Amino acid sequence: MPVTPPTNSPRRLLLVCYDPKELEALLSHLDGAAQRPIPRSRFPLTEGALDGLPIAVTRIPFGDDPALLQTVMRELLSVAAPRRVISLGTAMACASDLEIGDMVCSRGAHQRGRAVQFGTWLEDDLLRAAPHDLRIRPGRSVTARAFVSSSAERDAHLAGCPQADIIEMEDFHVASLAAEFGAEFASVRSVTDRGDFIDHMSRRALAAEALVRLLRRTLRQQRMASSLTVVDNPPTRELGYRIVLSAASSPVSLPDAVRWSRRILSLFGLADVVPDGARIDLALTARPPALPVGLATASGQSKATAREGLWSLVHDPVTHHTRLEVSESAFHAGSLEPVDTRKLLQELPVELVALAPAEARAYAWPVISSFHIQGLNSISAEPEEGLMAATTISEFRANGLTVRDAGEARCWIYRSANASADSYFHPPYPLPARTVEDVPPGTFLIASGLGPAIDPSAAGGESANLLLLGDEQGGRLIQLLDDLCAERFRPDDLFRYDGLAARLDDSTVALSRLDRRRLLTGHGLNSLRYDPAVLRSIYSQEYDRFLADYFCAGRRPGAPKASHLLMTSRGCGYHCSFCCSGGMQPFAALDIDLLVGMLGEIVEMDRPASGEYVDVYLLDSYFNRNPERIVQLAARLETEGLLEPFQFFVRHNGLQAFLRRRSEDGLPPVVNDRLVAAYRTLGVGEVVMGVDAYTDGSIRALKTNFNQLLQKGESARPVYTFSDIAAVLAALESAGLDSRCFLLVYNPFAGDLDRIRTFYNLIRLALDAPGFMIDSSSSDRVNELKPFPGAPLTLLAERVPGLVQGERFDYETPLGRLEDLLDLEMFGSRRRSPESMRQFAARAAAARLRLAARLSDGFAAAAAHGPAEAEELRAATHAFCQEEAAISPRLVGLEDPASTAELATAVDRLSGASGHEPAPGLHGHERLYRAMRSWNLARRASPATRPGSPTRSEPSE
């Protein structure tokens, strides 16, 4: 969001320049500019924001009149009171290695035997931010009083400081005064000449633009440091290298490159040879590979070996740069045998070879002038990636970039929440800014977000030119495109950026540390611009209709004047085993002040009259991580009169925040009444909760930190218990609030006993809280547990042959898939009237009778079961009889007497058939813990495990 600092804002960054071209270039990029005079100066102080950061800018006199320069500078420092001062200007080159157009970041200036030292606080950021086509280095300067135009003058100045790299006219004076006023100082100078005034004058405009470009990139780099953080990416942990992969005879897509690199790294055991972050070149060749003639490496040392006609390998033992050529036909035919590269290299002597020259081949990306940005993957109540795409639109526009309709843009940027099997760039529903169905030829395609991070080999990225793992905001994507689209670049230029896969040409792909992602910090999230008009433009009217149907409880009469979908946090507070977003996506929330400001902007934009209202859907994957957030929000909106214009809906909430005390401490759970009251204040009629499991065993298996499960198994503490769920839903019911939850079915690790317990616990909730329901209609397969790519549960399931079948789990239990028998959709509606409660009871009775029949059939076929299956069947039958004894009295008067009698008969019959009680300790998730024990044993036995670090295949939390 552009920031206009108040005129009395102290201790900011002050930029001083000397040439009118420099000032003109700076002011052309300044937002919210306001001016005020500086005593004794011809030039005002201009205050505003440069790329979102508050700064002050002015021009001061040249150094040919030191007294005037010092007088103006004193006045300026008194008025601006900066914490840091950056001097931007031009210079004459003295050092022989400097060329016209190079930049020098000075470390000090000399004048007539005196010296002043500069801080180096800007130096690292300058070097990191410099475009790859710009040469910049540290140096020292001499401050002269006049333009130096002869070698004799130059030598005279250098006599007192022969190590000086440049000559300029101001820095000694400005730095000395900055130190006097307690401000840090830095200087960046563009070389325009070697003592030729005509050269200087002809270069000064170009120099000014280059200086401003470098400054903006440096400030963006500093902002990125506070806005973005590097986060491990567990699903791609084995790709922690800087890889260039090429193929001889076929185009290479980004997913191809990821898959092929994984196979080659595994086939040759390169993880045991090459340290993280090293460079690996992989070439699939049409000719039979052989050791290259005239080996050369960066260090001049080499170990090289080959298997005739199949592969050749060159390894630099100092830099670890590894080059591997593999027969393309043998690779694709699967005829290559695994290679113990570590052993081979241990047996090879080190050879002295030629030093490799700098990489010669360069690549080009198009200069992009217009962008189309989107991010919705599906119509659901969780369009986080779409709303993040809206902040990207605002950031691009704030940086002077043009965002257009899809048909008019040269680059498409699509965020994805899912590692999709369908193209990221062909959404199955209308988008407001997508007027063309097909991608125009020549469009540069970028996919970012959680989807590419989860699985960069997913088919959704087949047509992409660039996969950006994580977030593109905070200046990250702008910086990358500004760098790589400006000039031809080499792989090492691209490798400055972690967490990306990039197509260099049709047959060459670069993978830069796919084991790392860049994600927004809490500060970064709150620094984005959340423009309600831009947010509104992301989703279509079809989306409005979906939201209106999905959130229908407690609606005000009449149609809303407008509707808005606002993201109030991102990431997740859970670490669910079935999902990547918790363990992979750190939680961050928007400040309450920012939320209130956004709502105020909506009122200004939509101007609802008396009696009119606006729908606001607050998207928050864990709105109540800090329960005080919603309590404070409700209080603020009530105080500021912002409740009446809005009807609020929230999706979704974490159960834990509704609890002051959990049941697992041995006492009954206690509900957070202040939080419930805050929902009442906001007028929220329905609390949609991220509850997916209803027995303590399933809650532990699906919702608990997966690393805790690996370490503790069934002794791990579940994040909440069924008693907690029941207490919270009862409290919401008492407050007049409806509740909606979810139910994950088809869990391949759950047994029949757990499925039966789940069914009866849901009946209890339905009877105690008539306003409770399971979301069964918001989207297809909404409640089906799926092998989500990269999720810990999926990584575990993949170790069991045949368990994962495409996008579903395939498994068998003694009783078959009980979910299909139990009519779980009966929980998909509320029971507010006596008639609806009776209908529910009738469906529940019919399902219980079907369950009893299935159990009887199971005993009739007992001979077909092994001992373990027979014991599981007895446990399930015993649980059924226990549950019936507990629930039957509660249904008296609701269900048909004939059904009651028939169920009682079935219970008596099954009680006799089940025989003895099941063995102590038998539970429904034994398969899960067996698989976990196997995983832990395999991890401990793996020779590739590095001391003190997790195994590359270890799942995330």
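This is a predicted model: local features need pLDDT of at least 70, side-chain atom pairs count only at pLDDT 80 or more; totals for chains, interfaces and linings use all residues.
Residues are numbered from 1 along each chain as its sequence is written, and side-chain values use heavy atoms, with hydrogens and water left out.

**View 1. Strand β26 and its two antiparallel partners, β12 and β25.** Helices (H or I, at least four residues) and strands (E, at least two) are DSSP runs, numbered from the N terminus, and two strands pair if DSSP finds at least two bridges between them. Strand β25 (residues 500-505) is antiparallel to β26 and is paired with it over five bridges; within this pairing, Arg503 has Val509 of β26 as its bridge partner. Strand β12 (residues 242-247) also runs antiparallel to β26, to which five bridges join it, and Arg242 stands opposite Ser512. In β26 (residues 508-512), five of five residues are buried, a term that means under 20% relative accessible area, with exposed over 50% and partly exposed in between (1.4 Å probe, protein chains only). In a regular strand the side chains alternate between the two faces of the sheet. Here Thr508, Ala510 and Ser512 point one way, while Val509 and Leu511 point the other way.

**View 2. Strand β22 with its parallel partners, β20 and β23.** Strand β20 (residues 370-374) is joined to β22 by four bridges, and Gln374 has Tyr414 as its bridge partner in β22. Five bridges pair β22 with strand β23 (residues 444-449), where Ser448 is the bridge partner of Arg415. β22 (residues 411-415) is mostly covered, with five of its five residues buried. Cys411, Ile413 and Arg415 lie on one side of the strand, and Trp412 and Tyr414 lie on the other.

**View 3. Helix α29, with buried residues and exposed residues.** The 18 residues of α29 (residues 897-914) should span 26 Å at 1.5 Å a residue, and this agrees with the 26 Å between the end C-alpha atoms; the expected span is 1.5 Å times one less than the number of residues. Ser899, Leu903, Ala906, Val907, Leu910 and Ser914 are buried. They cover an arc of only 105° around the axis, and therefore lie on the same side of α29; the arc is that of the directions from the helix axis to the C-beta atoms. An α-helix has 3.6 residues a turn, so residues three or four places apart point the same way. The buried residues of α29 pack against α27 (834-860) and α28 (867-887), where contact means heavy atoms within 4.5 Å. Pro897, Asp908 and Gly912 are exposed on the other side of α29.

**View 4. The largest nonpolar core and the surroundings of Phe827.** A nonpolar core is a set of buried Ala, Val, Leu, Ile, Met, Phe, Trp, Tyr and Cys residues joined through side-chain atoms within 4.5 Å. The largest has 225 residues, and those with the most contacts inside it are Trp365, Leu494, Phe648, Met689, Tyr694 and Phe827. Helix α27 contributes the largest share of this core, nine residues. Not counting residues up to four places away in sequence, Phe827 touches Phe759, Leu762, Ile763, Ala766, Met773, Ile774 and Phe840.

View 5. A salt bridge is a side-chain nitrogen of Lys or Arg within 4 Å of a carboxyl oxygen of Asp or Glu, and a search of the whole structure finds 64 of them. Asp165 and Arg137 meet in one of these (2.9 Å, N to O). Asp165 is buried, with a relative accessible area of 11%. Asp482 is partly exposed at 27% relative accessibility, as is Arg213 at 26%.

**View 6. The buried salt bridge of Glu686 and Arg830.** The side chains of Glu686 and Arg830 meet at 2.4 Å, N to O. Glu686 lies in strand β35 (residues 686-689) and Arg830 in the loop between α26 (818-821) and α27, so the pair ties together parts that are 144 residues apart in sequence. Both residues are buried.
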